[in-house]
Amino acid sequence: MTRTRTLDWRQGYSRGRVTGAKFRGAFGPEVVGRNRRDEVLKEFSDLMVRHARGEEVTRLEVAAMRRRALTKRFSDWDGMIIGIVSTLATAFGNEGAKNWLPVLLAAAGRFDEVVDIEPEFVVGGPKHKDWLILVTALAGAGREDLARALAERLDKQFPPDADDDAHLTVWGEDALSVEYARLQRQAPGGAALPVFFHLPFSGGTSMVVALKRLVPWGRMVQINRRHGLLQIEHALEMSAEDAERLMMVHQHHPFPLTFPGRELSYFTVLRDPVSQIRSGYFKRLSTPGIVPTLDKSPTFDDHIAYTLEHGMTNMLARQIVTTHPDLRVPFGKRFAGAGQFESIRAEEEMYWLEATARLSEDDLLRMCRETLDERFHLVGTMRHLEASHLAAAASTGALIADRVGHRGASGQPDRGTEESAAVTRLRAANGVDQLLYDEYTARFEKDHATLIELADSH
């Protein structure tokens with residue numbers, strides 16, 4: 001009698017992913033027209049076939065192809081976009097493509113390849129915010145002299161006349177730049193790997209958008225909320241050689257990460273818990289694509305009732321505590337093998353809720369304080385988001401920092417100063433989050449008083 005081994009759903013999911021990847025590799029995308037990156041490749045192929053046949057390809061067509069390709073330049077994991085832009089530069093002499101090359105190489109983390117390229121500023125070429133990544137790359141290649149020279153050229157070529165171009169450098173002579181340089185010199189070094197622990201609806205998106213202008217995607221691990229477990233599964237398999245190249249991790253899905261040969265050094269931003277929950281409720285209503293909750297409440301007061309009824313309180317602390325060593329055991333058991341890492345459809349499906357459900361408020365507070373004090377080199381506050389961002393950027397070792405203008409409105413309607421009875425209950429139920437916010441805000445204000453004053457005055 002032949003025995004057959006029954007596969008559980010986790011093994012089936014893992015095999016399904018592998019089968020799907022093989023299917024795409026052999027037969028192409030299953031749904032045509034959904035993958036815009038595939039469309040860019042097809043358009044480029046058609047253009048090159050015309051060129052090879054001796055047909056005329058106009059300058060306007062080449063410029064349009066360059067623009068189409070550049071929209072997909074972020075996380076160009078297989079080098080397709082670099083290849084397209086390189087070809088447009090060499091085969092067609094497109095100046096815009098030629099001048100995008102050092103930026104694309106820098107963003108991919110290919111530092112040594114940009115040292116001998118002389119940056120030129122032309123119509124259709126990179127804008128000020130695009131060039132910042134090249135400053136990082138030149139410094140990463142050991143050429144801080146070239147990095148500084150480029151930064152000074154950028155200031156002359158692109159005067160900061162708009163918020164989008166507002167930035168400062170470690171070489172600046174104004175008081176805020178001098179303070180930033182002081183903080184940058186204190187950045188964790190050696191084997192330390194900066195990890196931005198991105199708490200939801202706490203100014204993190206504004207910060208990470210600015211940080212991504214400074215840290216190459218090719219030297220960063222990106223872990224988002226919905227598909228974060230799939231990205232974590234891949235990250236956990238990283239070799240020591242690949243981990244050594246990393247400059248930062250953006251972690252938006254709570255999980256006790258490890259990287260061979262690297263010591264994780266976290267930073268985050270805390271927010272008043274009621275403001276954070278309120279922001280999440282209205283942001284989900286106004287912005288498609290954000291991971292939802294299972295709650296369909298028509299008003300914020302109804303959402304408060306749902307939150308309290310389902311024990312979804314002190315959620316910031318429950319996410320922070322996943323970085324505590326004691327949480328490695330339950331996470332290790334839950335994610336013990338392939339196939340257990342999957343996308344999530346709603347906030348309630350995230351494992352950190354289950355892993356922390358039995359922690360008392362006293363234990364939760366104690367463990368959070370331990371991990372924030374021992375594993376986080378910076379705990380910023382939404383009350384001073386700009387100063388928190390500058391301190392965070394400095395802690396990554398970045399030579400340049402963008403200014404961020406977000407103040408956390410998150411699409412919330414105007415409201416009075418008096419709290420409703422429901423809001424008062426919500427605040428009381430989130431006592432750990434409230435204590436942590438108040439305590440670490442006071443600490444940030446004490447430790448970074450000069451930075452706050454200077455950031456607020458600029």
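1. Which residue in β4 is the bridge partner of F197? The partner is Q251. This is a predicted model, in which local features need pLDDT of at least 70 and side-chain atom pairs count only at pLDDT 80 or more, while totals for chains, interfaces and linings use all residues. Residues are numbered from 1 along each chain as its sequence is written, and side-chain values use heavy atoms, with hydrogens and water left out.

2. Strand β2 (residues 192-197) pairs in the parallel sense with strand β4 (residues 248-251) over three bridges, and with strand β5 (residues 263-270), again in the parallel sense, over five bridges; pairing requires that DSSP finds at least two bridges between the strands. In β5, F267 is the bridge partner of F196.

3. Because six of the six residues of β2 are buried, the strand is largely enclosed by the rest of the structure (buried means under 20% relative accessible area, with a 1.4 Å probe and protein chains only). Both faces are covered, with A192, P194 and F196 on one side and L193, V195 and F197 on the other.

4. Helices α8 (residues 175-185) and α21 (residues 449-457) have axes, fitted to C-alpha atoms over the stretch in contact, that come within 9 Å and cross at roughly 145°, the angle being taken between N-to-C directions on a scale from 0 to 180 degrees. A175, L176, E179 and L183 of α8 meet T450, L451, L454 and A455 of α21, where contact means heavy atoms within 4.5 Å.

5. For the whole protein chain, 49% of the 458 residues count as buried.

Key:
Helix = DSSP H or I, 4+ residues; strand = E, 2+ residues; numbered from the N terminus. Buried < 20%, exposed > 50% of the residue type's maximum accessible area, 1.4 Å probe, protein only.
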